[in-house]
Amino acid sequence: MSIKQSPADTATDEPQPEPETPPPPTPSTVHVTQRIASGHTAPGQGWDNYYGTGICIDVDTSSARFSGTPVYTASIGGLAHHWLLSGMNAIYDSSPTGFRLYLRRSDGTHLEPADAQLNGWYVNWIGIDQP
């Protein structure tokens, strides 16, 4: 019985090709934990006039201690009439320590900080940090 030899098993005087360079290692999987925080403003407080037709509020998120500027989501809560508002999802001037909202009535009628106080409007917010 004879044993077959593969070409690699036979010795020759001819130069052998260089072995192929192995591919680079596959990067390992990195698991990043995102920091998520939420909060709300005090009902009816912190609202300012905005050009006489709307109101605005600066929302302080500094207690969340975000390391970068997070992605914010906001909504308005209150006792009454907050369904009449527009602009509550438009985040302005976002930073690691807060953001600003500008609101107006969707029917275009005048809106003042007193309306926010009377109706107990407040801002709910969620921030997702960008690690």
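Which residue takes a positive phi in the hairpin of β2 and β3? In this predicted model, the residue is Y51, with a phi near 50°, and the hairpin has three residues between the strands.

## Strands and pairing

Strand β2 comprises residues 47-50 and pairs with β3 in the antiparallel sense over four bridges. Within this pairing, N49 stands opposite I55 of β3. Strand β3 also runs antiparallel to β7, and six bridges join these two strands.

The antiparallel pairing of β4 with β8 extends over seven bridges, and V71 has I128 of β8 as its bridge partner.

## Nonpolar core

How many residues does the largest nonpolar core have? The core has 20 residues, and those with the most contacts inside it are W47, I76, F99, W121, V123 and W125. At least two residues of this core come from each of β3 (54-60), β4 (71-77), β7 (98-105) and β8 (122-128).

Neighbours within four places in sequence being left aside, V123 is in contact with G39, H40 and T41, with W47, with I57 and V59, with A74, S75 and I76, and with F99 and L101. W47, I76 and F99 are, like V123, among the core residues with the most contacts.

## Aromatic pairs

The count of aromatic pairs comes to seven.

| Pair | Distance of centres | Angle of planes | Arrangement |
|---|---|---|---|
| F66 and Y72 | 6.1 Å | 80° | edge-to-face |
| F66 and W125 | 6.5 Å | 70° | edge-to-face |

Both angles exceed the limit for this class, because planes over 60 degrees apart count as edge-to-face. F66 lies in the loop between β3 and β4, whereas W125 lies in strand β8, so their pair ties together parts that are 59 residues apart in sequence.

Are F66 and W125 buried or exposed? Both residues are buried. For F66 the relative accessibility is 7%, so this residue counts as buried. Y72 also counts as buried, because its relative accessibility is 8%.

Elsewhere, Y50, Y51, Y92 and Y102 form one aromatic cluster. Among its members, Y51 is the residue with the positive phi in the hairpin of β2 and β3.

## The loop between β4 and β5

H81 is located in the loop between β4 and β5 (85-86). Its relative accessibility is 41%, so H81 counts as partly exposed. When residues up to four places away in sequence are not counted, H81 touches N119 and W121. The C-alpha atom of H81 is separated by 9.4 Å from that of A116, a residue 35 residues apart from H81 along the chain.

Definitions and conventions:
Residues are numbered from 1 along each chain as its sequence is written. This is a predicted model: local features need pLDDT of at least 70, side-chain atom pairs count only at pLDDT 80 or more; totals for chains, interfaces and linings use all residues. Side-chain values use heavy atoms; hydrogens and water are left out. A nonpolar core is a set of buried Ala, Val, Leu, Ile, Met, Phe, Trp, Tyr and Cys residues joined through side-chain atoms within 4.5 Å. Buried means under 20% relative accessible area, exposed over 50%, partly exposed in between (1.4 Å probe, protein chains only). Contact means heavy atoms within 4.5 Å. Two strands pair if DSSP finds at least two bridges between them. Rings of Phe, Tyr and Trp (its six-membered ring) pair if their centres lie within 6.5 Å; planes under 30 degrees apart count as stacked, over 60 as edge-to-face and the rest as tilted.
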